[in-house]
Each structure stands twice: as structure tokens, then as C-alpha cells.
Amino acid sequence: MNHLQPPTRKPLGYPFFTALFLAATLFSSAVIPAASAESKPTIQAQATKKPLTPEHAEEFLDAFFADPSTAPHFVGASVVIVQKDRIIAQKGYGYADQEKKTAVDPMNTVFRIASVSKSFTAVAIMQLAEQGKIDLQADIRTYLENIDYQNPFTKPVTVEHLLTHTTGFDIRDPKQEDLHGDFDKVTSMEDYVKQHMPDVLREPGSSYMYDNFAYLLLGLIVQNVSGEPYESYMEKHVFEPLGIHNSGFLLEGDFLKHLAIGYDAANQPIKPYAFTPTIMPHGGMLSTSEDVGKWIIALLNQGKNASGRILSPESVEQMMKYRSAIHPLLPDTTYGFEGAFQIPEAGSSPAVVTKAGDLPGFSSYLILIPEKETGVFLTYNKQGALRNLFYSEFMETFFPEYAAPAKLETGKTSSVGELEKYNGLYQDLRVKSLVTSVKATGQGELTISDALIGPRVLHQAGEGLFIDDMTRQLTAFKLDEKNQTVYIKEPYLNPLGYAKKGETPAGYTDVKADHPYSHYIYSLQSLKIYPNEAGLNFQPQKPVTRGEYVRDLLVASGIKSSSTKDFVFSDIAKHPNAAYIQMAYELGMVEKNQTGMFQPNRVITRQEAAVMIWNVMRLQYPDAFFEDVKLAGKTADWAVPAVKMMVAFGYHGPEVKKQADGAVDFLSAQPLTRQEEAALFYQLYIQPVNQIAEQRKDQ
């Protein structure tokens, strides 16, 4: 439904945990964290700025979409640019249906606008708040009487928390099974919410995590309070008053007839799909760029356009205000909108509000600059980074003042000792498989690293604010009342949310500080992959069973067990890890053999453990990629490619050593122990596989 920013034209491979997470969710490139050392030059405030006129707007669009570097990022695109109370440019580019050569028509071609739907849902909430039917500061239980969840904090989850993605809820992103081809299947919002309702894990209002489920709850609140089905309410109270006639939430009739074909990364068509729940306030809206243009006009003109009014001027003003920010240069969300993409050295301007959306085969981006009475909507039928390129070039051309370098405190730096409060592992609140390591390495300097991008240096640019050497973008930290670091927000892995710092590990009675595996074990304990309680034994040399290994891998990836009871293996039905084993099969991590059995209680060998990881990553890294890796010892023929990959990527602990001739003995046939599993998991989180892969290509 929503995106995580992919600010690069260069595709990356994915570490195991990330690849596994992507395979389990609706989000493909929607959650592809990606970055590159390449970036545009810093935009100067007095650059070749052009006035935003109809002539210049159309000239810009034509040049942008004709640029050969843009072509790989879209099949068809539709865009509208609004200034004050009129549309000054509205055009389609490319094909709505590439096979039939059907051109994109901005008036009639329907796109899935995905999470841009959330902005419309926020408008409905504000309408009901104007009428006194909703109090934004009220406990959501007031409007969701039949919905049960646990909140261990004294502070309630409010409607405002839903609007601003600050609920503190456990993550509930849509799963692959929520996208299907059965257009006759009907699942109500209420039934879906009751089945999937998360508990509160963090104090409401304390942290920012992009929350699709929060906006599903907002849609249910609209329905409950108004007494009208959500989709009917939107039609009657939002679309009709604005003269919007080609927008809705059910893919049927003319919507299906005029829907653009979605395309994957290889420009192959994606079959039309439906959702569970059937109506999705958080990402299911269908619309045209012309319709969204009418809506933008209303937002820029105090709640009304030429056809009618949807909000009071006061409500529109409230929607445009940022409600949280880890730093003023890195605002989080307003009511229904979010901070813009970062621009090198400038951060994200609080004068700009945006909303992005992603679904398989579709991406969108909405840009509003209220003080300039300007708005833009871009939608296209191929998921990816076109909007990132568009945003930076649009701002450079027409509003470079919002992208001018910020005044950073680069002369004021802290000592290594003062910066050590930032040291540690940080786990993304939304995507548990995204882990970042931070360490103070110099005066006013941190080194930050993760499995997707690798190490990069951060230089202090203010209190809790740092700028990197890679693309000159900003990273910020949030401290608690004790001056202890609790959250980080960085621009690459997930700019739509915070990552939480791991806890101080309690340790284990049988793993002392000088134990050769203590770093791996304690690190995972800090992330609560292992219980973080004092007085426990770890049993570091105990062999791991096949069932335990599968469960541990999925838990470390943040992936839930399968809900099916129709297990594919004949010997797991009564096993405590049966649902995890079934999920591993559904994800392609394990395969069914001729016996039809999994043998969950059999001790797993290291080469078996390697193959389960290889099964997820082999499409990204084929056998030939690791042909030059020299193995020593005994490895079964069926495991050789997997073991070579494990060696090349450093997916192991200190038990694996390179011999004098350069060969490596992975100890393939030996049982995998708990300490070795801990080292393996730590490396899956941390090893920069893309950098390693690039270095191997250059050798």
C-alpha cells in the first residue's frame, strides 16, 4: 500500500531476511530499501528557476518523460499540475495497455492510487470532526466499540494517533493472501479488523511507524460514525461535491474497463486483483489524474473547488500542519500526508506535504506546496522510483528555494565518548528484518551500516542530527528524558518511520562476556530475538533441530506462521512448529521431498541450514556467481552452491576459517549449534551483501 523510498535507478539484491519479508507481504518494491552513492548535485536556491506557467509546466513534463533515463521507470503515466484554482497541465504518457498500444488518457484512464487513498480517508475524518461527531483526541474505543485489543499504557490510542501513524500498534501490513483474483469474495472491514487487530507495543504518540492498519481503522470509524458504508460515504460527501466522477473503491464496471494494466519490473503485465478486506480505506482507491486534480484544487483553496466544498478553511489548515518530527528538517506526518523525499543537504522541507502510494504494478505521488498554491499528482502503472526522479527535478526547476542547503551546525562536534550514547543496533519498527548498526568512530563522527547499503560515515550537523558522505542526506536520533537514544530515522532503509534501539542485553549464565559467540548472542538478545531476561541459560553448544531452525529464521524475519491447517508435510500436524514449517514451504524456503515428511525433530546440519537460505536468495544470486569460491572438507553436491554463497557473504561465525590455500571448510555435514545459529542470524542482519556482490564482480 505504501512505499519505502527507493532513491536510486540502480536495483539492488536483497539480504535473506529482507527477501523473505518481501516474499511474505503485498509489498514488493514498496518495501525495497535502496540507495546509491550516486545523487544529483545540491540544488542551489538561485538556480535556473522558472515561473510555474502552463507553458513551462507542459514543457517540463514533455522533457521529463522524453528523457531516456526516465523511460525504464514507467510504462504509462498520468500527471496533473494545479496552480491556485485551476489545472495548468494535465497529460498522459506511454501506455495504459502496452500490448494494445492504448495511450494513457488523464481524464479516463483509471489507476490504483494505493496509499494516496489515505489522504481522502483523512478528509472524511475531518468532515465528521467538523460536525462534532468525532473528537480527534478521543480514545478510538469510543468509535470502535466491538474491537478488542491490549494497551498496557495509561495513555489511550486516539483518532489523532491513527491519523499521524503514532499509535504504538504492532505492525499489521497486508499479506500476500490479502491480494487475490476472486472478485466475488466479500470481506467486511469490521470482520477483517476483528481477525487482525494488533495490540499496543509502544506508548501511543511516542514513535512514528507507517501504519496501514491505522487507516483501515479510520475508514471503519467513518463507517460507524456516519452510519453509511465507507465507499458510499466517500461518494456522497467527498467525490460528488467536488465533481469527481471517475473514482471509487470497487474494481467493477467502467473502473475495470478503463483500468491501466499494471506491470512488473520486467514490464510483464500483472493480472487485475481484488483485496481483503474488499473495501480498503488505506489503499484501495481507483482514480484518474483529472479527478485527483479537482481534489487538489479544493485542498489549495480552503476546502472548495468550482463544484462545491468538502472542508472548512480551518480543517484544511489543520491537515497541512506537521504533527511530529524527529528533527525540524525531517518532519514525519500531518493528518493524511507525510514528509517529502529528502534532497541532499536540505532534508525535507516542512513547507511541502506529500503522499506516496504503492501496490503491485502501480505507484503514485502527491505533492502539495500550500504557501505557493501549487499541487502535483503523478501516477503510473509500474512500481518504482519514477516519482523520486520527478520530485527532485520538479523542485529544481520551479521551487529550488525549498531545496536549498540547510544551515547545519557542522562546526560544533561532540567527542567519541559523548557520541557513544548512539552506539547499538536499531531495528525498524515496521520491517523487523531491517537492522542498522551504529558506532561512534571519531570526533563528531558515527559509522552506520546495514545489510542493504553497507557502512557509511555520518558527520554531526547539530544536536542528534547527522549528514552522510554518500548522498549528503540527513539522519536523526531521538533521545528520552534520560538523554538515552531510543529511535533513529534514516533516509535509505525506511524514511517512513523510526527504528528502535535495542535494549541492554541481560546476558546468559552460560555465555560470559569473553565467550567467542557472546557478541552475536547478546546482540540478538538486545533485539529480543532471544528472551532478554536475567538468569537464563542459552545452551550455546546444543544442536538445533530442523523445526527449531525454521521457526527461529521466521521469527528473526518478523514473519508470522501460516494460518492454514492443511499442512503439506505428513509428519508435522502435531508439532509445535508446524505452522512455521508450513509458512517456510509457502515461501519456498523448504521443499517437499519424495517421502512427504519434514522430520522436524531431526538435528539440522549446517549445509541443510545453508540450503534453506539459498532457496530464498538463488534468484538474485545464481550458482555461477560463486563459482570461484573454493571449498575444503565435505559438502554434499546438492548443497555446494548454497555453501559457496554462505562463505562468500560471510554468513557464519568464527568456526569457519580460511585455509592457507584460500579454501574454506564450512563444516557442512556437522550439526548446527545454537551459538552458530546466533552468529548466522547476526550476519544475515548485518553483512552488506550488495557491497560484497559488487566487489566480487570487480575482481
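## A helix residue to start from

Glu58 sits in helix H2 (residues 54-66); helices here are DSSP runs of H or I with at least four residues, strands are runs of E with at least two, and both are numbered from the N terminus. At 38% relative accessibility, Glu58 counts as partly exposed. That label belongs to a simple scale: buried is under 20% relative accessible area, exposed is over 50%, and partly exposed is in between, with a 1.4 Å probe and protein chains only.

Which residues does Glu58 touch, not counting those up to four places away in sequence? They are Ala89 and Lys91, where contact means heavy atoms within 4.5 Å. Tyr93 is 35 residues from Glu58 in sequence, and their C-alpha atoms are 12 Å apart in space.

## What kind of model this is

Please keep in mind that this is a predicted model: local features need pLDDT of at least 70, side-chain atom pairs count only at pLDDT 80 or more, and totals for chains, interfaces and linings use all residues. Residues are numbered from 1 along each chain as its sequence is written, and side-chain values use heavy atoms, with hydrogens and water left out.

## The chain as a whole

The protein chain has 19 helices and 24 strands. Its radius of gyration, taken over C-alpha atoms, is 26 Å, close to the 27 Å from the globule rule for 699 residues, so the chain is as compact as a globular protein of that length. That rule is 2.2 Å times the number of residues to the power 0.38. Along the principal axes, the C-alpha trace spans about 75 × 60 × 55 Å.

Buried residues account for 61% of the 699 residues. Among contacts between residues at least 6 apart in sequence, 69% join residues at least 24 apart. The accessible surface comes to about 27200 Å², and 49% of it belongs to carbon and sulfur atoms; the area comes from the Shrake-Rupley method with a 1.4 Å probe.

## The nonpolar cores

A nonpolar core is a set of buried Ala, Val, Leu, Ile, Met, Phe, Trp, Tyr and Cys residues joined through side-chain atoms within 4.5 Å. The largest one has 82 residues, of which Phe16 and Tyr549 touch the most other members. Among the elements giving two or more residues to this core are helix H1 (16-24), helix H14 (546-557) and helix H18 (674-686). Another core, of 67 residues, lies apart from it and includes Tyr192, Tyr230, Met285 and Phe377.

Leaving aside neighbours within four places in sequence, the contacts of Phe16 include Leu553, Met612, Tyr651 and Leu684. Tyr651 itself lies in the loop between H17 and strand E24 (664-665). Is Tyr651 buried or exposed? At 1% relative accessibility, Tyr651 counts as buried.

## Backbone details worth a look

The peptide bond from Thr276 to Pro277 is cis, with omega near 0°. Pro277 is in the loop between strand E8 (274-275) and strand E9 (285-287).

Ala114 is not a glycine, yet has a positive phi of about 55°. Ala114 belongs to strand E4 (residues 111-114) and is buried, with a relative accessible area of 0%. Gln539, also not a glycine, has a positive phi of about 55°. Gln539 is placed in the loop between H13 and H14 and, at 43% relative accessibility, counts as partly exposed.
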